[in-house]
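The sequence and structure come first.

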Amino acid sequence: MAPSGPVTWPFEFRWKGAGPKTLVRIHVVDEAERPLAGLEGRGDHLAAPDGLKSTLRAGLRYQWRVARVDENGEEVGASALTAFTIEQN
């Protein structure tokens with residue numbers, strides 16, 4: 001699972017266990033687990049979109065998790081939350 005720990009822009013969300021056609025949903029939350037962003041993609045990685053850069057501030061702690069999305073649009077097999085921080089470039 002990445003990012004984990006300190007990261008700089010640009011970065012990618014990466015995880016294991018999803019095939020190239022598997023639909024996934026990523027949730028990014030703040031330290032208090034308040035939702036900040038929801039992203040969808042396919043496969044085992046997704047580049048952090050440029051729009052997320054204006055939401056995340058350097059030096060603060062964030063968390064994220066990924067889940068597969070089934071044929072009904074429901075999330076299944078969600079990962080545990082993984083913490084990361086944005087470092088200044």
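The hairpin of β6 and β7 has five residues between the strands, and glycine 73 in that hairpin takes a positive phi near 85 degrees. Strands here are DSSP runs of E with at least two residues, helices are runs of H or I with at least four, and both are numbered from the N terminus; two strands pair if DSSP finds at least two bridges between them. This is a predicted model, in which local features need pLDDT of at least 70 and side-chain atom pairs count only at pLDDT 80 or more, while totals for chains, interfaces and linings use all residues. Residues are numbered from 1 along each chain as its sequence is written, and side-chain values use heavy atoms, with hydrogens and water left out.

**Strand β6 and its partners**
- β6 pairs with β7 (residues 75-76) in the antiparallel sense over two bridges, and valine 69 has glutamate 75 in β7 as its bridge partner.
- β6 (residues 61-69) is also antiparallel to β3 (residues 23-30), with seven bridges between them; histidine 27 stands opposite arginine 65 in β6.
- Four bridges join β6 to β8 (residues 82-86), again in the antiparallel sense, and tyrosine 62 is bridged to phenylalanine 84 in β8.

**Strand β3 and its hairpin**
- Seven bridges join β3 to β4, and the two strands are antiparallel; isoleucine 26 is bridged to leucine 39 in β4.
- Four residues lie between the strands in the hairpin of β3 and β4, where glutamate 33 takes a positive phi near 65 degrees.
- Six of the eight residues of β3 are buried (buried means under 20% relative accessible area, exposed over 50%, partly exposed in between, with a 1.4 Å probe and protein chains only).

**Nonpolar core**
- The largest nonpolar core has 19 residues, of which Phe11, Phe13, Leu56 and Phe84 touch the most other members (a core is a set of buried Ala, Val, Leu, Ile, Met, Phe, Trp, Tyr and Cys residues joined through side-chain atoms within 4.5 Å).
- Two or more residues of this core come from each of β3, β4 (35-42), β6 and β8.
- Leaving aside neighbours within four places in sequence, phenylalanine 11 contacts Pro3, Ala47, Ala48, Leu56, Phe84 and Ile86 (contact means heavy atoms within 4.5 Å).

**Aromatic pairs**
- The structure holds seven aromatic pairs (rings of Phe, Tyr and Trp, the last by its six-membered ring, pair if their centres lie within 6.5 Å; planes under 30 degrees apart count as stacked, over 60 as edge-to-face and the rest as tilted).
- Phenylalanine 11 and phenylalanine 84 form a tilted pair, 5.8 Å centre to centre with 55 degrees between the planes.
- That pair links distant parts of the chain, 73 residues apart: phenylalanine 11 is in the loop between β1 (5-7) and β2 (12-14), and phenylalanine 84 is in β8.
- Both phenylalanine 11 and phenylalanine 84 are buried.
- Ring pairs link Trp9, Phe11, Phe13, Trp15, Tyr62, Trp64 and Phe84 into a cluster.

**Glutamine 63**
- Glutamine 63 lies in β6 and counts as buried because its relative accessibility is 8%.
- Beyond four places in sequence, the residues that glutamine 63 touches include His27, Val29, Glu33, Leu81 and Phe84.

**Aspartate 44**
- Aspartate 44 lies in the loop between β4 and β5 (45-47) and is partly exposed, with a relative accessible area of 33%.
- The C-alpha atoms of aspartate 44 and glycine 17 are separated by 7.2 Å, although these residues are 27 apart along the chain.
- Not counting residues up to four places away in sequence, aspartate 44 touches Phe13, Arg14, Trp15 and Ala18.
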